[in-house]
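Subject: Structure for your review

Dear colleague,

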Amino acid sequence: MNKRTRLVILLVVLALCFVFLWPSISWYGRTPKELQQLALGSTENIKSYAEQKAAEDVRALKASLKEDSSALLADEYSWIKKDVSKRYKILDKSLPSPLTVKDVVSAYDSELEFMNVFQKKYRDEILKAKKYYENSVKLGLDLSGGMNIIVHADLDAALAAQGDSVAKENAEAFKKEAMENAIDNLSSRIDKFGLTSPVIRQQGDDRIYIEIPGAAQADAINTLIMGKGILNFRLVDMEATNAFKLYYAQHPATTFNASGELMDASIIPEDCEVFGVYTKDEYGLDERYDWLVVKKEVALDGQHVKSAEVRADEFTNQPEVAFMLDSEGAEIFGEFTGAHVGENLAIVSDNKVKSNARIQTAITGGSVSLSGGFSYDEANNIKKVLQTAWLNVPLEVESQQVIGATLGEEAIHQGVMAILLGLGLILIFMLIFYKAAGINAVVAQVLNLYMMFSILSAFNYTLTLSSIAGMILTIGMAVDANVLVFERIKEELRQGKSRVAAISMGFDNAFWAIMDSNITTFIAAIFLSQLGTGSIQGFAVSLAIGVVSSVFTALFVSRLIFDFDTDVLHAKKVSIGWGIK
């Protein structure tokens, strides 16, 4: 491989590393703390925040317009000029200058359309930051602070509570489904609590591992875990729903306050409440897409639901959700549906409407089916909602560990200082012992760290204290390759070889010694990363990445630097040690 090709490859690698590292740079170096907190929230929370801020801005602009009809657009809203300009262009009108609030408001056909522009601006800004976070190096709890919890799910108790309704041969399938339901419930509760980017996963057969970064109150979390969702069936007031939607379309900025409460309670009947209609988004989180006005009175409590399943309709072959009620629930439901044929019934879970179905006929006997052009994903989501009422898995917090944010910041500081100190001492040694050639090692080590962080960022790895320990070890090990090459070059120079010959022979003779030692280390690191867990895995991953990057910098980058000195700087001798000429 000629020198020009090697240079191109190096530049391409460095450019790719920068692309991989850019999200981490943007998240940790360019994103304000306030925006980070918003971006760490769920998509539902982001949407709610964008709506609230948009409503506040629209109300503020309308208030300024009311006070002064010729008020100029404030600098903080200057970003909207681009969108307003497009709208005036569509209308074949020239953009007024200076631009007033009245000019801006008149560019939009409705208040809802106007508010959507503000909402999109806030939402896009937060989602852009969220994307940076998702593609950046994550900080583990020992660096960011937070808490981890291990929850035991008593699957045997859940099975026993079902009595004879579950056959022995189906016990394992029941436990698997119960465990999935418990994890879904916890994810929904913790997400609703407004916590930031929690990690929730199954550990073993009957345990759930929860990792919550940032500050969190242990008592509140425990209450959240031990609690149970509220499920009920309520009658829908379609007339009130249509009236509310019309009002909301005309007054989106003044319908709800910052707490999500109606600013004017008279827009819906006194015996009703307005809830959002939710479905699962692409991340599996609840996302509101509509509004529904339902009666405050509960038609049927979810505790009467005893089982639920997804099946195909015998006539249309379309998926439907079928569930069974106990005897008391069957009687209540039969009387209620008989009295409200032709009306709509909503399934409300934790103040979120998850399904809205029309009552076709009186439903007696306790066997109920929901249909309406569902996809299988939608049907399964409704099934899981119904399961929260009857598939109750007792949960118990087995252990929890809380790490304060201050301790995390201190750990980061100590880790960075350890890396810098280790790197500094090694580089000083290399400069003293190998003179000008030590600069070569300095550049290789800096690029080695740069590449390591880039790879961590590319694969979205979580950085922990053990990962930092792996990096520190890699720094020391990476110098071994430089030492082997330098010593080989010194041997060739002692035999009277020229600079070009000595460098070439030095790298060739040291190649397999370097590869053998690093391959064995890499194999050990791979086994540790696959068989180890927690801190051991973090250490092994960073060590494996460091081995690969150190070999590249020692054999590829270092050789290129020597060639640069020879071909560009026209160096005739090698400054590589005391007594070597």
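**Findings**

Please note that the model is a predicted one. Lys435 lies in the loop that joins helix H14 (405–434) to H15. Its C-alpha atom is 6.1 Å from that of Ser575, although Lys435 and Ser575 are 140 residues apart in sequence. When neighbours within four places in sequence are set aside, the contacts of Lys435 are Met430, Ser575, Gly577 and Trp578.

As to the chain as a whole, its secondary structure amounts to 18 helices and 14 strands. The chain has 581 residues, of which 44% count as buried. Among contacts in the chain with a separation of 6 or more, 73% are between residues 24 or more positions apart.

Two packed helices are described by the angle between their axes and the distance between the axes.

Helix H1 covers residues 3–30 and helix H15 residues 437–458; their axes come within 8 Å and cross at roughly 55°. H1 and H15 are therefore oblique to each other, and the crossing of H1 past H15 is left-handed. On the H1 side, the contact involves Val13, Leu14, Cys17, Phe18, Phe20, Leu21 and Ser24, which meet Leu447, Tyr450, Met451, Phe453, Ser454, Ser457 and Ala458 of H15. Sorted by class, the residues in the contact of H1 with H15 are 11 nonpolar and three polar, with no charged residues.

H1 itself has a kink of about 40° at Leu21, shortly before the proline Pro23. Both Leu21 and Pro23 belong to the buried residues of H1, together with Arg6, Leu10, Cys17, Ser24, Ser26 and Trp27.

Helix H3 (residues 43–67) packs on helix H6 (residues 111–134) at an angle of about 135°, and their axes are 8 Å apart. That angle makes H3 oblique to H6, and the crossing of H3 and H6 is right-handed. H3 contributes Ile46, Lys47, Tyr49, Ala50, Glu51, Lys53, Ala54, Ala55, Asp57, Val58, Leu61 and Lys62 to the contact, while H6 contributes Glu111, Phe114, Met115, Phe118, Gln119, Tyr122, Arg123, Ile126, Leu127 and Lys130. By class, the contact of H3 with H6 holds 13 nonpolar, one polar and eight charged residues.

Two further residues, both in helices, may be of interest to you.

Asn518 is placed in helix H17 (residues 499–531). Its relative accessibility is 11%, so Asn518 counts as buried. Apart from neighbours within four places in sequence, Asn518 is in contact with Val547, Ser550 and Val551.

Phe556 belongs to helix H18 (residues 534–567). Phe556 has a relative accessibility of 15% and therefore counts as buried. The C-alpha atoms of Phe556 and Ile9 are separated by 9.7 Å, while the two residues are 547 residues apart along the chain.

With kind regards

Conventions: Residues are numbered from 1 along each chain as its sequence is written. This is a predicted model: local features need pLDDT of at least 70, side-chain atom pairs count only at pLDDT 80 or more; totals for chains, interfaces and linings use all residues. Side-chain values use heavy atoms; hydrogens and water are left out. Axes are lines fitted to C-alpha atoms, for helices over the stretch in contact, and angles run from 0 to 180 degrees between N-to-C directions. Helices (H or I, at least four residues) and strands (E, at least two) are DSSP runs, numbered from the N terminus. Angles under 35 degrees count as roughly parallel, over 145 as roughly antiparallel, 65 to 115 as roughly perpendicular and the rest as oblique. A crossing is left-handed if the near helix is turned anticlockwise from the far one by less than a right angle, and right-handed if clockwise. Contact means heavy atoms within 4.5 Å. Ala, Val, Leu, Ile, Met, Phe, Trp, Tyr, Cys and Pro count as nonpolar, Asp, Glu, Lys and Arg as charged, and the others, Gly among them, as polar. The bend at a residue is the angle between axes fitted to the seven residues ending there and the seven starting there. Buried means under 20% relative accessible area, exposed over 50%, partly exposed in between (1.4 Å probe, protein chains only).
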